[in-house]
Structures are given as C-alpha cells and as structure tokens.
2 protein chains.
Amino acid sequence: MATRLSHFNHKTSFFTKSRSNPRRPSPRCIVAMARTQSYWASVEAEIEAYLKKSIPIRSPETVFEPMHHLTFAAPRTTAAALCVAACELVGGGRDQAMAAAAAIHLMHAAAYTHEHLPLTDRPRPRPGIQHKYDPNIELLTGDGIIPFGLELLARSMDPARTKPDKILRVIVEITRATGSQGMVDGQYQELGLDQLGSEYDIIEYVCRKKEGELHACGAACGAILGGGAEEEIETLRRFGLHAGMVQGIQGKKKAGLMEEKIEKLKELAHKELKSLKGKKTELISSLIEPSVAAVQIS
Amino acid sequence: MATRLSHFNHKTSFFTKSRSNPRRPSPRCIVAMARTQSYWASVEAEIEAYLKKSIPIRSPETVFEPMHHLTFAAPRTTAAALCVAACELVGGGRDQAMAAAAAIHLMHAAAYTHEHLPLTDRPRPRPGIQHKYDPNIELLTGDGIIPFGLELLARSMDPARTKPDKILRVIVEITRATGSQGMVDGQYQELGLDQLGSEYDIIEYVCRKKEGELHACGAACGAILGGGAEEEIETLRRFGLHAGMVQGIQGKKKAGLMEEKIEKLKELAHKELKSLKGKKTELISSLIEPSVAAVQIS
C-alpha cells in the first residue's frame, strides 16, 4: 500500500493526513475508517492501472516516455476517484467510469505540467516539480496529454453498456471544466491577471475554478455514466464543487485563516449528500473528512 | 473578398499564389478556376463565421479576448476547408461538417500559438507571430483552445442528422491527428529531438505528421460526417495525407530541392481522387493545384 501511494501529493491526497490527527477514534469507527480507506485506495489503484495500460511506452519513445512520466509525476486529484465513486453511488459499475476518471486525471496532469513550465516571464522555477525534460518537451507533452485524455474517453464507447450520447455529454463536461470557463480561468486568476477583490476572494475564486469545478465535473460525470437521475447528477455536482473547494483552500498557505469558509463549504457539501436519500453516502462523504479516510489502523 | 481573405497566411493558403503563375489559362479554364476559387472562399468564410459565432468575447474577458485573438491570428489551415469539401463530396450537407472543421482549425491554432511561445530553451523569438500577450497568457490560451475545439464538436450533436457515435469517431480522429501520434510527434521531430535520417527525411516526416495527418484527418472526418462509405473515407484520407504533405513541403525553405517528392505526392493524391468514380472531384483536386484555384479573373 505504501508503495502504491508513495507518489501521492501530500497537499491534495486525503490518505496522507492521518498522523496529524490528534483524536483517537473508537474501535467501531476504526472499522468504518478502514473500509473507507481501502475503498479509496482500491479506486485510485484501478485508475492508475487503467492509465498505465493506456499509455504504454511505445514508439516514438521520445514522445511516449515523457507522456508516461509526466502523467504519473503529477499529483493525483481526488476528482478522478470521485468520478468512480459517484458512478458506483448511483448504481453504476466501476468500469463504466474508468475512462472518464482517467481523462480527468490526464487533463489535470497536463495543466500541472504547463503550470510548472519555465516561461520567459516566469523567471524563477516554480517549486514542486522535478524537471526531467527540457521546457520544449514538457510543453509538447502537455499538448499531447489533453487530446489523449479525450481520445481515451471517446474510444471507451461500449454501446451495449453506455450510450454514445452519454459519452459526448461527459466530454462536454470535462472540456468545460478544464477549459477557458473552468480550470484555465482559475489559472489566469492565480497569476493575478485579474483583480477580483481581496486576497481571500481570489483564493476562493481560484479554488472554485480549479479544484472545485474539476471535482464537480468528476462527480457529475460519474453520476451520468452510472445512470443517475438528473437530480442526482446535479446534487453530486454541487457536492463535488464544495468538496473540491475545501481541498483547494486547504492546500493554500492562507488556509489557517479561512477555517470559517472551509467549515461552511463542508456543511454545504454534507447537506447535498443528505438529500440523496436511500444512497450509501458514507464513502463519498469521507472526501471532506480526511481524518476519517486516512486514520491508520494500529 | 480581399478583406475576408486578408488574414490568410501566404505560406499555406492556396488563394494567394495567383499572381506568380506565369501561364495564362484559356477562357474556359478561367470559368472553372473562378468556380473553384469561389467555392473555397465560401467554405473558408463559413468556417470563419462559425468560429466567430462560437467564440464570443464574453466574461471573463481576460480569458476570452486572447482566445478570440489567437484563434484568428493563426494562419488558416486548408485541412478545415477540406473537411467541409469532403463532406459535400460524399453527399453530406455543409453544416454537418462545420463543427469538425472549426475544431480542426482550433487544434491547429493552439499548436501554432504554443509553437511560437518563448520558452527558456528557445532563446530567440520565432518569426511569424506578433506577440500581443505575455507568454503565460499565450500558454493558457492554447490550453483553453484545445478542449474548446472538442467541446464545440461534442456539443454539435444533432441526433436527427448525425448519430452521436459518428461524432465520437470524429473526436477520436481529431485527437489522434493532433496528439502524440500525430501533430505533437511532428513538432518533436521538428525540434530535432530525434534524428530520423537526412534533412529531407526529417522534412518529409514532419510534413507527414503535421500538415499531412491534419489534412488526412480533415478529409476523413468530412467523409464520415457526410455519410461516406468506408472505402470513400479511406480514399479521401489518403488524398488528404498526400495533399497536406504537398502543402507542408511547399512551405519549407528546401521546397525547391524537393520538387520530385512534391510531384510524386501530387500524383498519388490525383490517383486517389480518380478511384472515386462518379464523384465531382474537380473542386477538391484544386487543393493540390494552387494555380487552378488561385488565378485571378481578368
């Protein structure tokens, strides 16, 4: 397990926050936590296996080796796992959401690669990434990963299980969340290109556009593919938005000063899950309660 | 007309080579040429109008204004027009190919923008583009244009006219041609990252992967959307590959030394069209005979 999760980014993964939790849970709670933890770990492992199978290192190796490396060098986003969990929550099979989850990770990995690209107006290298390749290669690899993610999804069509119009709907969801109205807008604002208000307003906006909308998209895509009703899709989308924003804000330096905002967002997220009557929401709710998901059994 | 075409890139557009043609065509030929020219001009104008409608300058303007600008700052690729022409050739309606043609232009515009990005390992600015924005903005805009092109296509689904599985097939075509196995591979080789053989071998490979496969994709997508038979789709794909390579090589400094290669490719392209019995191939064949398409009526 430790090996499988070792590449996880400590800022975004919810598996890695366990040891700092001062509370000692009850034995019954520990069983629930173990179940939750093993659920997310199995989802993450399956997404990873799916990606590894999908990006073989083949000819031309100068193209595919960096693509493979940069796909896995990026920290995992729980938006991909949420896609699978939302699909299962509404009664779908895990395999139905796998291509969409992989596509979400790939779009996120491309964005991560480009965010860390040394441009001439980014004089100092950004922390957080080991540059194994020249900027030219990292730029092109990111450019290759974006269409590849969507190709994977478009190719995943199995008319016997999922209607092609559902796949198209999911493609629209993912392109919107990761394009100019979503993630790219967040990246713009993060660069300080627009001044939206106070520093906290900007953090909130960036986290809404980046982690928020990516998780919203993940949850909605999973629910669409799993055959959820429109109401369930929208409820899970709102849950994803709040849960993603929580993750985004918690990863910021100013998180300690935004506790009130975080609690409010968690409350909103929980409220959405409560409205999903008759559904097993414990697993998915652990996304906003890292300590529940992450505690080690000892 | 002059205004509408004034933004055309002189290297790739086939409308702009007229005045250097020393041969004087016959009056009958002039009529055919005028028809051909007005056909391509109308196709290009419709693609442009479709793109303009699809990318309004809306909020956030910091995101959409550069997106609009960089979409139209890129030289036009005839691969987009070929998509429309192939669709009409097999009996489809022009509107059925419009979203795919726009997506092809957008993918090409994103690649063009990123190719001209000043990276730290690209010390001298590349010629051919006026940098209106900072590198950060151009990078992000390119990243936004790629998913937007595919979103446009996925959203274009009109089940009454085109089955969603056809749109998915076209998405796979476009993502492959513009991703790591196609255009991105060509860009790698253009940077000299791999040494494939002689200088001419590299030019040929790059032109196959860039202009060649983009035109092959354009022709195939048009034929798919227009309801062409599998054989027609593959014939038009091969025509597009050769025609695109001709355009690519003709745009290179060494083109004068590759006349034999160019003639061979034109011959291969014509051979493909001849096999399309009973189809009106004059319009499409003008793509490899710029003088026919471009001569001015005087």
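Between chain A and chain B of this predicted model, six residue pairs are in polar contact, counting pairs in which both residues have pLDDT 80 or more. The side of chain A that touches chain B draws at least two residues from each of five helices, namely α3 (61–73), α5 (94–115), α6 (135–155), α7 (164–178) and α8 (183–190). The largest share comes from α6(A), which supplies 14 residues of that side. Sorted by class, the side of chain A that touches chain B holds 27 nonpolar, 13 polar and eleven charged residues.

Charged residues also pair across the interface: the count between chain A and chain B is two salt bridges. One of these joins E151(B) to R176(A), and the closest N and O atoms of this pair are 2.9 Å apart.

The extent of the interface can be described both by residues and by area. In contact terms, 51 residues of chain A meet 51 residues of chain B, while in area terms the two chains bury about 4600 Å² between them, with 68% of it on carbon and sulfur atoms. Within chain A, the residues that lose the most area to chain B are L140(A), L168(A) and Y188(A), and together they make up 15% of what that side buries.

| Item | Value |
|---|---|
| Buried area between chain A and chain B | about 4600 Å² |
| Salt bridges between chain A and chain B | two |
| Residue pairs in polar contact between chain A and chain B | six |

How are the two copies placed relative to each other? Chain A is superposed on chain B by a rotation of 180° with 0.0 Å of shift along its axis, and the RMSD is 0.0 Å. The two copies are therefore related as by a two-fold rotation axis. Among the residues of chain A, L119(A) comes closest to this rotation axis, with its C-alpha at 2.4 Å. Because 100% of the interface residues of chain A are also interface residues in chain B, the copies meet through the same surface.

One residue of helix α6 of chain A can be looked at in detail, and that residue is E138(A). Is E138(A) buried or exposed? Its relative accessibility is 1%, and since buried means under 20%, E138(A) counts as buried. Leaving aside residues up to four places away in sequence, E138(A) touches L70(A), T113(A), H114(A), L117(A), H131(A), K132(A) and Y133(A).

Definitions and conventions:
Residues numbered from 1 in each chain as written. Chains lettered and ligands numbered in written order. Predicted model: local features only at pLDDT ≥ 70, side-chain atom pairs only at ≥ 80, totals over all residues. Heavy atoms only, no water. Contact = heavy atoms within 4.5 Å. Buried area = accessible area lost by both parts, 1.4 Å probe. Salt bridge = Lys/Arg side-chain N within 4 Å of Asp/Glu carboxyl O. Polar contact = N/O pair within 3.5 Å; in protein donor to acceptor, adjacent residues only side chain to side chain. Helix = DSSP H or I, 4+ residues; strand = E, 2+ residues; numbered from the N terminus. Nonpolar A, V, L, I, M, F, W, Y, C, P; charged D, E, K, R; others polar. Least-squares fit on C-alpha atoms with pLDDT ≥ 70 in both. Buried < 20%, exposed > 50% of the residue type's maximum accessible area, 1.4 Å probe, protein only.
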